[in-house]
Amino acid sequence: MNTYDYLLVGGGVIGCSIAYRLAKSGAAVALFDSEKAGKASMAAGGMLGAQNEFERENPLMEIALESRDLFPVLRDELLEESGVDIELRKAGLLKVAATDEDRSALSRQYEFLLDKDPSVVWLEPEEVPEVEPEMTAHTAGAIYLEKDTQVKAPLLAKAFLKAAVNAGVHVYEHTPVQNLLIQNGQAIGVTSKLGPFYGERIINAAGAWSAALFTETSFAPPVIPVKGECVSVKLADQAPAKTVFAVDGCYIVPKRNNEMLIGATSTPYSFDPAVTAGGIRSLLNRAARLLPVLDGGIIERTWSGVRPQAADHLPVIGFDPFIEGLCICTGHYRNGILLSPLTGLLMEKYLNGCPETAARLAPFSPGRFLTKKEESLV
Ligand SMILES: Cc1cc2nc3c(=O)[nH]c(=O)nc-3n(C[C@H](O)[C@H](O)[C@H](O)COP(=O)(O)OP(=O)(O)OC[C@H]3O[C@@H](n4cnc5c(N)ncnc54)[C@H](O)[C@@H]3O)c2cc1C
């Protein structure tokens, strides 16, 4: 019989990071993906923007900073456990204002971040090319975040998956999980085209698809898909080293071999994988205004992915309010790559009953979305 301690639904960075940590702690784990593992995770820019992402106090910030700082050790660990180099690059991130309005918002973010970390630097327009020579001098100012690093996201997804397999996780790709098996209010397994699988705990880590899972029997996390399109451009030389992130959301992430990853559009409620001419045109226009050298580059490829976004933009992590044994871990929106290392570690502790970890994860509890009527049913 197909019986495990944990059944994980979703083979993106979140599902694989959790599966890896659970298997390392000695649990028997099965992981399912409806297609090849790692949907949104393969599309991501790979920025580890733990400072870039926050402009004011937010319960996620401390977790984001801690997760970002795990990457140097994780790189070595995953290289050993999977043989995959996640290409961690430590050149830092320039957050750039294009207009005076952007500059006011950016200077407020600068004050907020500087208060927590004196390494954050404000740059006047003429100072920007001194820090990144390929940048235009025609901006309205920038901040330099030297600690916001980056990785190659598809390699991180691959490394977590391989490390999970090497730690003993049974991976079932091209195997959509269909329904939840429930006995006396307790989740006991799932159904699939391979037949039923049984587990002590079932974890919904299906990213943008998590709200569509088990809808007839359990709480549906209010997570929507937010489609993002990207393009990569290869430069012959003069490649910048630092990630450049415009206040309007367009970014350029330099990868190995002079490949510049340019992202990303943002279309809520869309699972449509098509890459549009308008989307790519808008990205290229905005990116080349910041880094004129991009105009001479060669387009290598375009792609799209879907970010899982909860109503309040925070992850949704915790036990299902109605079904015992069912756990949810989704809604990492545009920071799933950044948050994946710590998510795996915290989930392993949470599932093993650690009260401190439960307290830490309380702001992300699925219960925060319950109506008063639903709360009375829990
Ligand atoms: C364009 C773009 C750029 C991004 N850039 C960054 C960035 O720079 N930095 C950052 O930190 N984050 C970034 N993100 C966000 C990041 O990619 C996501 O937050 C993260 O990948 C979510 O991981 P996940 O494992 O939850 O979801 P996914 O990687 O989407 O994995 C979910 C998996 O569940 C599977 N699944 C769905 N339904 C079922 C089912 N019924 N049965 C079995 N399997 C199922 C899917 O096939 C999928 O593989 C970006 C995202 C996009 C789209």
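Helices (H or I, at least four residues) and strands (E, at least two) here are DSSP runs, numbered from the N terminus.

## Ground rules

This is a predicted model: local features need pLDDT of at least 70, side-chain atom pairs count only at pLDDT 80 or more, and totals for chains, interfaces and linings use all residues. Residues are numbered from 1 along each chain as its sequence is written.

Let's start with the loops. Ala264 sits in the loop between β13 (259-263) and β14 (267-268), and the peptide bond joining Gly263 to Ala264 is cis, with omega about -25 degrees.

Then there are two non-glycines with positive phi. Asn184, in the loop between β7 (180-183) and β8 (186-192), has phi near 50 degrees. Tyr333, in the loop between β17 (326-330) and α8, has phi of about 45 degrees. Are they buried or exposed? Asn184 is exposed, with 6 other C-beta atoms within 10 Å, while Tyr333 is buried, with 21 inside 10 Å. (Buried takes 20 or more other C-beta atoms within 10 Å of the residue's own, exposed 12 or fewer, partly exposed in between; C-beta atoms are placed from the backbone.)

## Two domains

The assignment, automatic or from a database, gives domain 1 (3-47 + 155-222 + 312-377) and domain 2 (93-146 + 225-309). Their centres, taken over C-alpha atoms, are 31 Å apart. In contact terms (C-beta atoms within 7 Å, placed from the backbone), 17 residues of domain 1 meet 17 of domain 2. On the domain 1 side, α2 brings the largest share, 4 residues.

## Around the ligand

Both domains give residues to the shell around the ligand, so it lies between them.

Terms used: Two residues are in contact if their C-beta atoms, placed from the backbone, lie within 7 Å.
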